[in-house]
Amino acid sequence: VYEFPASKMLASEGFSDAWRQLYPDPVLFPGTTWPSETLLGSSTSWAKEADERDRIDYIYYRSGANLTLRPLNASLVGSPNSYAYDRLAADAKDPFLLQQIPWPSDHKAVVADFELSITPVQEYV
């Protein structure tokens, strides 16, 4: 698993990756978002002779002083198919939403639901 520099910077500032919090095993749940099948019906891959499937779309979050965010669930949106070696591969085990609609982008979307807890701030007089 490649660690993107921007992801490492966000982690160093206390941000968490919602997908990996819920699905920590990148082999079982890779969360592949690119290159996706689209409504155009042609390959969206750049390297036609390679398997370049990757997770390049993220949701990062960070709790605050008296606010706590906790991811409850996350899904990919769009076709569960991705391109590998210039052919569609349908091997995704990740949770999907709206997989039957024509998808306009070469990236799948990522959605997450969060619980927000507020801890009252104590005032000292």
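Biologist: How many residues line the largest pocket, and which of them lie nearest its centre?
Modeller: This is a predicted model, in which local features need pLDDT of at least 70, side-chain atom pairs count only at pLDDT 80 or more, and totals for chains, interfaces and linings use all residues. Residues are numbered from 1 along each chain as its sequence is written, and side-chain values use heavy atoms, with hydrogens and water left out. On a 1 Å grid over the protein atoms alone, a cavity is a set of points where a 1.4 Å probe fits but cannot get out, whereas a pocket is an open set with protein on both sides within 12 Å along at least five of seven lines; a lining residue has an atom within 4 Å of a point. The largest pocket is lined by 19 residues, and those nearest its centre are V1, Y2, D17, R55 and Y58.

Biologist: Which element gives the most to the lining of the largest pocket?
Modeller: Helices (H or I, at least four residues) and strands (E, at least two) are DSSP runs, numbered from the N terminus. Helix 1 (5-12), strand 1 (16-17) and helix 2 (18-22) each supply at least two lining residues. The element that gives the most, with 3 residues, is helix 1.

Biologist: What is the volume of the largest pocket?
Modeller: Its lining has 9 nonpolar, 4 polar and 6 charged residues; Ala, Val, Leu, Ile, Met, Phe, Trp, Tyr, Cys and Pro count as nonpolar, Asp, Glu, Lys and Arg as charged, and the others, Gly among them, as polar. Grid points are joined across faces, edges and corners, and a volume is the space filled by probe spheres set on the points. For the largest pocket that comes to about 450 Å³.

Biologist: What is the volume of the second largest pocket?
Modeller: Its lining includes V27, L28, P30, R53, P80 and D94. By class, the lining has 6 nonpolar, 2 polar and 4 charged residues. The volume of the second largest pocket is about 170 Å³.

Biologist: What is the radius of gyration of the chain?
Modeller: The chain has 2 helices and 7 strands, in the pattern α-β-α-β-β-β-β-β-β along the sequence. The globule rule, 2.2 Å times the number of residues to the power 0.38, is set against a radius of gyration taken over C-alpha atoms. The rule gives 14 Å for 125 residues, and the chain is well over that, so it is more spread out than a compact globule, with a radius of gyration of 17 Å.

Biologist: What percentage of the residues in the chain is buried?
Modeller: The C-alpha trace spans about 65 × 30 × 25 Å along its principal axes. Buried means under 20% relative accessible area, exposed over 50%, and partly exposed in between (1.4 Å probe, protein chains only). Of the 125 residues in the chain, the buried ones make up 28%.

Biologist: In which sense do strand 3 and strand 7 pair?
Modeller: Two strands pair if DSSP finds at least two bridges between them. Strand 3 (residues 67-77) pairs with strand 6 over 2 bridges in the parallel sense, and V77 stands opposite L97 in strand 6. V77 also stands opposite A109 in strand 7. With strand 7, strand 3 pairs over 10 bridges, and the sense is antiparallel.

Biologist: Is N81 buried or exposed?
Modeller: N81 sits in the loop between strand 3 and strand 4 (82-84). Leaving out residues up to four places away in sequence, N81 touches S36, E37, L88, A89, A90 and K108, where contact means heavy atoms within 4.5 Å. With a relative accessible area of 18%, N81 is buried.

Biologist: Which peptide bond is cis, with omega near -10°?
Modeller: Most residues other than glycine have a negative phi, and most peptide bonds are trans. P35 is in the loop between helix 2 and strand 2 (60-61). The cis bond is the one from W34 to P35.

Biologist: What is the phi of L98?
Modeller: L98 lies in the loop between strand 6 and strand 7, and is exposed at a relative accessible area of 52%. Its phi is positive in a residue other than glycine, near 50°.
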